[in-house]
Amino acid sequence: MKLKEIYKSSKLAISFEVFPPKMKEIAEKEQKIQSLLDELGLLSRYNPAFISVTYGAGGSTQETTFDVVLQIKEKLNIQPMPHFTCVGSTRTEILEYIKKFEEQGIENILALRGDPPKGQEQFVKPKDGFGYAYELVKFIKAHTDLGIGVAGYPECHQECPGLDIDIQYLKQKVDCGADVVITQLFYDNKRYFEFVEKAQAKGIIVPIIPGILPITTYSQLDKIGSMSGCALPQEFKENLEKHRDNPEAIKSIGLEFAINQCSELLANGVRGLHFFTLNKAFATG
Ligand code: FAD
């Protein structure tokens, strides 16, 4: 089903995000993908609307992303949604890659700019490629029938000087053909509600689906801060700090927080929840 239809339905759309498994040797590939499919099998009872598969930094997982996407479709019979970034690809390469998905019956794609490759401060537009996600959205829209999702940032994208201008750019992505916005993870629902209100006031009328990452280990905290730039509510942070040496307590504090966070989002009428699973069924299931 296309993204537009998924979120039009009155049924809550649960979706899960995974990354292509990391491997030291190519010989491990099938077994690693199978382990991932086993985890996803545990989540299939929640009847996910789709499972999205990330695209590694610099296009490093291009082939594995493709394999995981196809196996989710064939073996689990769940609609996968590949992510794709502008990093390192020319228009011709992009077209070839996305057409391959369409030929395999894939219906949707998450169109992203991507982060600058390691060691590079700023994003450099690839030769004959794209410098911003909106250009990729426009290109996908012009050349395929794929449903298109884009990323949104309730606490502003890290490179952008302010939320209002970031939302203006988000509007540009939607105007170019995006059917849905999936947000970066966040832990303060107030930030999400304000973001949605501002986006709607700017004329963004497509669904804005919250991205949720349940915290299950203390070591996630640093990563969350540096990667997403999102803030943790003070009380939650202090509670996690207090139990930093007790992994079981961290797990239950993190999960209880995620349950309350989702309950509040649902009570406020969100049309879907997108879970960053980190390839494990445990926290989301
Ligand atoms: P854009 O929308 O192009 O924005 C990038 C920056 O440029 C922002 O600061 C924006 O304000 C600014 N900008 C946008 N348009 C303009 C304009 N016209 N003029 C001037 N400035 C502009 N990364 C991966 O590598 N692989 C993944 O699989 C992946 N999956 C993700 C999934 C989700 C749900 C989210 C939220 C993010 C994901 N990312 C992924 C991260 C994403 O690639 C980075 O955050 C990246 O830095 C920005 O991508 P974007 O598509 O939001 O870019």
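User: How far is the side chain of Asp115 from an oxygen atom of the ligand?
Analyst: In this predicted model, an N or O atom in the Asp115 side chain sits 2.6 Å from a ligand oxygen.

User: And the histidines, what do His83 and His157 do?
Analyst: His83 puts a polar side-chain atom 2.9 Å from an oxygen atom of the ligand. For His157, a polar side-chain atom is 2.7 Å from a ligand oxygen.

User: How much of the ligand does the protein bury?
Analyst: The protein buries 88% of the 990 Å² that the ligand exposes when taken alone.

User: Which residues come nearest?
Analyst: Tyr55, Asp115, Tyr153, His157 and Asp166, out of 24 residues around the ligand.

User: Which element gives the most to the shell?
Analyst: Helix α6, with 4 residues. Elements supplying at least two shell residues each are β3 (80-85), β4 (108-112), α5 (133-143), α6 (163-175) and β6 (180-185).

User: Switching topic. How do α3 and α4 cross?
Analyst: At roughly 10°, with the axes coming within 11 Å. Here α3 covers residues 62-76 and α4 covers residues 91-103. The angle is under the 35 degrees cut-off, so α3 counts as roughly parallel to α4.

User: Which residues make the contact?
Analyst: From α3, Gln62, Thr65, Phe66 and Val69. From α4, Tyr97, Lys100 and Phe101.

User: By class, what does the contact of α3 with α4 have?
Analyst: 4 nonpolar, 2 polar and 1 charged residues.

Key: Residues numbered from 1 in each chain as written. Predicted model: local features only at pLDDT ≥ 70, side-chain atom pairs only at ≥ 80, totals over all residues. Heavy atoms only, no water. Near = heavy atom within 4 Å. Polar contact = N/O pair within 3.5 Å; in protein donor to acceptor, adjacent residues only side chain to side chain. Areas by Shrake-Rupley, 256 points an atom, 1.4 Å probe, with all protein chains shown as cover. Axes fitted to C-alpha atoms, helices over the stretch in contact; angles between N-to-C directions. Parallel < 35°, antiparallel > 145°, perpendicular 65-115°, else oblique. Contact = heavy atoms within 4.5 Å. Nonpolar A, V, L, I, M, F, W, Y, C, P; charged D, E, K, R; others polar.
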